[in-house]
Amino acid sequence: MVKNKKKKEETLEDRLKYEIADELGLMDKVNTLGWGGLTAKETGRIGGIITVRKKKMKLEKAKKINNE
């Protein structure tokens, strides 16, 4: 039986999540165990860094708009 799995469109958060997991050296664990294999501390750290980066992006975008 073939599952009719829909491919999820990759969002900004998804891209950041993979990028940060790679920077923290967690991609091997994610590839082996999946995202559920991470500890709460590791997941929280990724989420915290995503929040900081999104804030930074928002500020840069606002500065760019103000300079125009």
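**Ring pair and helix crossing**

I began with tryptophan 35, which has 26% relative accessibility and so counts as partly exposed (buried is under 20% relative accessible area, exposed over 50%, partly exposed in between, with a 1.4 Å probe and protein chains only). Before going on, I noted that this is a predicted model, where local features need pLDDT of at least 70, side-chain atom pairs count only at pLDDT 80 or more, and totals for chains, interfaces and linings use all residues. Residues are numbered from 1 along each chain as its sequence is written, and side-chain values use heavy atoms, with hydrogens and water left out.

Next I looked for aromatic pairs and found 1 in the structure. Rings of Phe, Tyr and Trp (its six-membered ring) pair if their centres lie within 6.5 Å; planes under 30 degrees apart count as stacked, over 60 as edge-to-face and the rest as tilted. The ring centres of tyrosine 18 and tryptophan 35 are 5.2 Å apart with planes at 75°, so I logged the pair as edge-to-face. It links distant parts of the chain, 17 residues apart: tyrosine 18 is in helix α1, and tryptophan 35 is in the loop between α2 (27-33) and α3. Helices here are DSSP runs (H or I, at least four residues), numbered from the N terminus. I also checked tyrosine 18, which counts as partly exposed at 37% relative accessibility.

Then I turned to the helices. The axes of α1 (residues 12-23) and α3 (residues 40-67) come within 10 Å and cross at roughly 120°. That makes α1 oblique to α3. Axes are lines fitted to C-alpha atoms, for helices over the stretch in contact, and angles run from 0 to 180 degrees between N-to-C directions. Under 35 degrees counts as roughly parallel, over 145 as roughly antiparallel, 65 to 115 as roughly perpendicular and the rest as oblique.

I listed the contact residues (heavy atoms within 4.5 Å). From α1 they include Leu12, Leu16 and Ile20, and from α3 they include Ile46, Arg53 and Met57.

**Single residues**

Is aspartate 14 buried or exposed? At 12% relative accessibility, aspartate 14 counts as buried. Aspartate 14 sits in helix α1. Leaving aside neighbours within four places in sequence, aspartate 14 is in contact with Lys8 and Glu9.

Last, I looked up lysine 5, in the segment before α1. Lysine 5 counts as exposed at 74% relative accessibility. Its C-alpha atom is separated by 24 Å from that of lysine 29, 24 residues apart along the chain.

Notes. Helices (H or I, at least four residues) and strands (E, at least two) are DSSP runs, numbered from the N terminus.
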